[in-house]
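I opened the model and kept notes on what I looked up. The entries follow in the order I made them.

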Amino acid sequence: MIRVHRATFAYRPGEPVLAGIDLEIPGGLTLLLGPNGCGKSTLLKLIAGIERPDSGLVEIDGHDLWTDEVAARRGLAYVPEQPDLTPYATVREILGLVCRLRGEPQSAAEEALEFVGLRDLAHRSVRELSMGQRRRSVLAAALIGTPRHVLLDEPLEAMDRGARDAILAWIDRLLAAGATVVAVSHDLAPFAPRAHRAATVRAGHCRLADPLPDDPAARLALLEHMARGEPFP
Amino acid sequence: MRFEARIAWRALRWRLLSSWVAGLLPLGAAFLFVRNNELAPQHVRLAGLLGGACGVVFAFSDLAEALGVRRPAWPWARSLPWSAAHRVRTDALLLAVHAAPLLLLTAQIDLVAALAVLTVTPWLALRAAGAVRRAPERRSGASGEVLLEGGLLAAALALLPWIAPLALAATPWAWRAAAEREREQKVSRWLELHHLAVGDPQSWSSE
């Protein structure tokens, strides 16, 4: 369970992005929707432990992200939209770090590299990789271990058809295993059938639609409504 | 070599040497002062304390500034299962290890002075590691904070050597304070000051 309690956040004083978010996310796929700049990615960063809320708290399975840092992040995997990787390391070194921190053998890194098709580039510095290759690198990191909480920010963006299918299949396996998956995506069609609930961020606040309509057309229509930031019943 | 140390060394490169040069300036001055004058033992010790402590402060100032600029915060890494205290401790250890040659040279002036400087080194290293985290928000970067705080401590240590154990005892507080600064960072915010694309994980145009 991911729990966000009265979380507020501003990058600059006096310009709040999130103004008191209350959200509980159980297992299954939760879509985070809304227009550009509404705070979806920022909320995802709060849940991922990238940014610390100015007030309020974020808990992962009962562990506070900022007072119980290691335990809260142990089962967490975050795939950002912009793959920020240190330019001073190779892909293999970064995945080696992930293996070490998650208590996984180094062979898990090799398997992840194989899955994302980067085995031949693993020795390369991050500086030498294209944007698509960097995105695959952070995806590979998310594959290491058995993450129970997976946060995805535009996971299908700039991915070829084969990669998209592989990512969706991976998400299906996560959901089948009972994981919590939170995804930000402007591309709704692949996720609409899989989603259990959706949340929209608007004016710094969050609203949850749970459950979603069973009818596929009604479900997609509601999700598109939420993605445009329009009020919904 | 651990990943964290490897990344820091790659980011620092030749700045490791320049930090030693910076540290040798006050230390060299103290050495020449002692060598070219006939001094009572307590004055030799005072010169060793001041030169040695200032040497470590100058070196840490240079390294902290370089780290803050060339190795900015790595946002995605904060989602991994490691703590802010761990990341800060790694930086502090790196800094402290690089102070070792300066401590050995201080011992050539006065052994007791070198031991006193060694005793305050953990405090200085942790404060410098904390300054790295605050660097993007300050016009003076990390070096200003390290020079000011460290300079005051060096002067105090030279006059009152008995404060060295106090600094060592306060090291856990310095560690907690630096870790809190690490947590407080708004890492995905763009800050123009002291920002080089060369080490920025969020830069698309890294060299």
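**Entry 1: a sheet in chain A**

I started at A:Ala7, whose bridge partner in β2(A) is A:Ile21. The model is predicted, so I noted the limits: local features need pLDDT of at least 70, side-chain atom pairs count only at pLDDT 80 or more, and totals for chains, interfaces and linings use all residues. Side-chain values use heavy atoms, with hydrogens and water left out; residues are numbered from 1 along each chain as its sequence is written, and chains are lettered from A and ligands numbered from 1 in the order in which they are written.

I then looked up the strands around that bridge. Strand β1 (residues 2-12) of chain A pairs with β2(A) in the antiparallel sense over 8 bridges. Two strands pair if DSSP finds at least two bridges between them. Strands (E, at least two residues) and helices (H or I, at least four) are DSSP runs, numbered from the N terminus.

I wrote down the order of the open sheet of 4 strands in chain A as β2-β1-β4-β5, with antiparallel pairing. Its edge strands are β2 (15-25) and β5 (63-64) of chain A, each pairing on one side only.

**Entry 2: backbone details in chain A**

I found A:Arg6 in strand β1 of chain A. A:Arg6 is not a glycine, yet it has a positive phi of about 50°.

I also found a cis peptide bond between A:Asp210 and A:Pro211, with omega about 5°. A:Pro211 lies in the loop between β10 (205-209) and α7 (216-227) of chain A.

**Entry 3: two helices of chain B**

I looked at helix α4 (residues 84-109) and helix α8 (residues 171-184) of chain B, which pack at an angle of about 115° with their axes 8 Å apart. Therefore α4(B) is roughly perpendicular to α8(B) (65 to 115 degrees counts as such). Axes are lines fitted to C-alpha atoms, for helices over the stretch in contact, and angles run from 0 to 180 degrees between N-to-C directions.

I listed residues in contact (heavy atoms within 4.5 Å): B:Trp175 and B:Ala178 of α8(B) are among those that meet α4(B), where the list includes B:Ala84 and B:Val88.

I noted that the axes of helix α3 (residues 91-102) of chain A and helix α1 (residues 3-12) of chain B come within 10 Å and cross at roughly 150°. In α3(A), A:Glu93, A:Ile94, A:Leu97 and A:Arg100 meet B:Phe3, B:Glu4, B:Arg6 and B:Arg10 in α1(B).

Technical notes. Angles under 35 degrees count as roughly parallel, over 145 as roughly antiparallel, 65 to 115 as roughly perpendicular and the rest as oblique.
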